[in-house]
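Me: I have a model open and would like to learn how to read it. Could you walk me through it?

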Amino acid sequence: MLRVVVLGAAAGGGVPQWNCGCPVCLMARTENPELRSTQASIAVSADGEHWFLVNASPDVRQQLIATPQLHPKAGQLRHSPVSGVILTNGEIDAVTGLLSMREGSPFTIYAHEKVLSILRANSIFNALNENNVRRQPIQVDKTFEPVLPDGAPSGIEVLPFAVPGKSAWYLEGKAHPGGDIGEGDTIGLRLREKASGKYFYFLAACAGVTDDLKSRLAGAPLIFFDGTVWRDDELISAGLGTKTGQAMGHIAMSGDHGAIGSLAGLDIGRKIFLHVNNSNPALLRDSAERKMAERAGWQIPADGTEITL
Ligand SMILES: [Zn+2]
């Protein structure tokens, strides 16, 4: 049985974002606390005992407290069920949670060399002592099986693949520590339980749906997909920012080339948006946008939602 817990569903900043007075953030702060959401991450396990995080958000401490499956084992002075963290990009909302996991418990970081180069270039990540926290390079189109702290296989096979995207925004206009060319800055994952063959896809950042991606995702029982913005120009038209979704490496939910339209009719079992920005009107349960997304078979999960395959 493959178990997945949504630790957080929000994009960078979360809901509400500390400095934001947009309608969603205002409501989340006051009369609609159910709108609150931490920054995107999931936890996956094949045995229910050892878990792998996909990305480590700045909210990871709060997420681990809120998730009983990830608490230390009863009777142990120091323990964590977290055996590893698989990174899909180098954005702040995907990697900085590692800094909250520096207290000496052994786990492995799995990331593409492009992202590992960012960790190496920022000495603060040396707080994760490599004697306890191994950094394992992963490659696109090459499956790997993450391991438990004692080296035993996890029973989960992971296939990383390149998806349209960008390098982390703080590197814009700067030299990338891993070199400016080549893929690996944004990857998607297929996670499959080896024993049962059950699998799902995780793409929390994706700038567009190509024909290749469509054929890859067709027939999948479950996908987590980039739900950052409803409209490409949403941040600009709301007066919240100067960038389009595309400029940030994120596809919109709506529109001719949006996620909802592009991924329709592919016989995907369950479609879940992750990395939803607080500007996105689909977060509001009664909004026309939410209804459109739901009619097309999409869900926006509450933090803590558990799914078994
Ligand atoms: Zn806001």
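Me: What spacing do the donors of the zinc ion follow along the chain?
Reply: Donors are N, O and S atoms within 2.8 Å of the metal (3.2 Å for Na, K and Ca); water is not among the atoms, so sites may look incomplete. Here the spacing is C-x1-C-x2-C-x252-N. The pair Cys25 and Asn278 links distant parts of the chain, 253 residues apart. This is a predicted model: local features need pLDDT of at least 70, side-chain atom pairs count only at pLDDT 80 or more, and totals for chains, interfaces and linings use all residues. Residues are numbered from 1 along each chain as its sequence is written, and side-chain values use heavy atoms, with hydrogens and water left out.

Me: Which atoms coordinate the zinc ion?
Reply: Cys20 (SG), Cys22 (SG), Cys25 (SG) and Asn278 (OD1) do, at 2.2 to 2.3 Å.

Me: Why is the arrangement tetrahedral?
Reply: Four donors count as tetrahedral if all angles lie between 85 and 135 degrees. Around this zinc ion the four donor atoms subtend angles of 102 to 114°, so the arrangement is tetrahedral.

Me: Is Cys25 buried or exposed?
Reply: Buried means under 20% relative accessible area, exposed over 50%, partly exposed in between (1.4 Å probe, protein chains only). Cys25 is buried, at 0%. Asn278 is buried as well, with 3% relative accessibility, while Cys20 has 8% and Cys22 has 6%, so these two also count as buried.

Me: How many disulfides does the count come to?
Reply: A disulfide is a pair of cysteine sulfur atoms within 2.5 Å. By that rule, the count here is zero.

Key
Four donors count as tetrahedral if all angles lie between 85 and 135 degrees; four count as square planar and six as octahedral if opposite donors are over 155 degrees apart and all others between 65 and 115; anything else is irregular. Helices (H or I, at least four residues) and strands (E, at least two) are DSSP runs, numbered from the N terminus.
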